Amino acid sequence: MRISKGRCWLVYLAPWHRQAMIQYDPDPAINERIRRAVRYGQTRWAEVWLSLIMVTLGGVLLLPEPTFVGPEWRVIASCVTEHTAGTISVSVGGARLLALWINGRRGRETSLIRTLGCMSGFAFWLALALGFAAAYPPLSTGIAVYGVLALAELHSSGRAASDMAAEDTFGLRKRRRAGGRLGRLL
C-alpha cells in the first residue's frame, strides 16, 4: 500500500478508505458542505449522554422516597409534582434515545425529531435551573449544573438543525432547483 502525499496515513487504517463517497447533491460545493456536515455530525454522544441523564433523573424522581424536600426545591415543587416531573423526564429522555438510535440507521434520518428533542431538553434543564435560581436563598449548585446542561442542549439543537439543513429536510434546495416557489414550509 502506497500512501499518497496529500492524505493522512490514518485514513488507510479504515477498511472503507477505497470506497467512493456518498453523493448527497449534484452541485460539488454543496455536496462537499453536506459531506463535511454529515461526517462531523455523526457523533451524537452529547445528545445520548444528555438523554441518559434525563432518564436517570426521571428514574430517581419516580422512586418512592421524597426528592423535593429541601428549600431549594420549593419553587419547582410548587409547579410540578415529583411523579409528573419524573414521568416527563423519562418520557422525553427515552423518546430522544429512540430517535438517536433510529438516526443511526442508514437511510432513516430523524434530524427534525432530534432538533425537537434537543429543544425540549433545553426547556426542561432551563426550567430546573430557573427553579433553583428563583428559590434563592439558599444558593444551590443546581443553578450551575442544570444551566450548563441547558446550554449543552442548546448547542446540540444547533448541530441537529445543521444536520436538518444538510439533509434538506423540508426540500427547500430541491424546490429551488426545480424553479418552483418555496411557498409555505409546513
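Trainee: Which residues in helix 2 meet helix 5?
Mentor: Glu47, Leu50, Ile53, Met54 and Leu57 in helix 2 do, and on helix 5 they meet Arg114, Cys118, Gly121, Phe124, Trp125 and Leu128. Contact means heavy atoms within 4.5 Å, and helices are DSSP runs (H or I, at least four residues) numbered from the N terminus. This is a predicted model, where local features need pLDDT of at least 70, side-chain atom pairs count only at 80 or more, and totals for chains, interfaces and linings use all residues. Residues are numbered from 1 along each chain as its sequence is written, and side-chain values use heavy atoms, leaving out hydrogens and water.

Trainee: How do the axes of helix 2 and helix 5 cross?
Mentor: At roughly 50°, coming within 11 Å (lines fitted to C-alpha atoms over the stretch in contact, with angles from 0 to 180 degrees between N-to-C directions).

Trainee: New topic: how many residues has the largest nonpolar core?
Mentor: It has 17, with Leu57, Trp125, Leu128 and Tyr146 making the most contacts inside it. Helix 5 gives the largest share, six residues. Such a core is a set of buried (under 20% relative accessible area, 1.4 Å probe, protein chains only) Ala, Val, Leu, Ile, Met, Phe, Trp, Tyr and Cys residues joined through side-chain atoms within 4.5 Å.

Trainee: What is Tyr146 in contact with?
Mentor: Leaving aside neighbours within four places in sequence, Tyr146 contacts Leu57, Trp125, Leu128, Ala129 and Phe132.

How values were computed. Buried means under 20% relative accessible area, exposed over 50%, partly exposed in between (1.4 Å probe, protein chains only). Helices (H or I, at least four residues) and strands (E, at least two) are DSSP runs, numbered from the N terminus.
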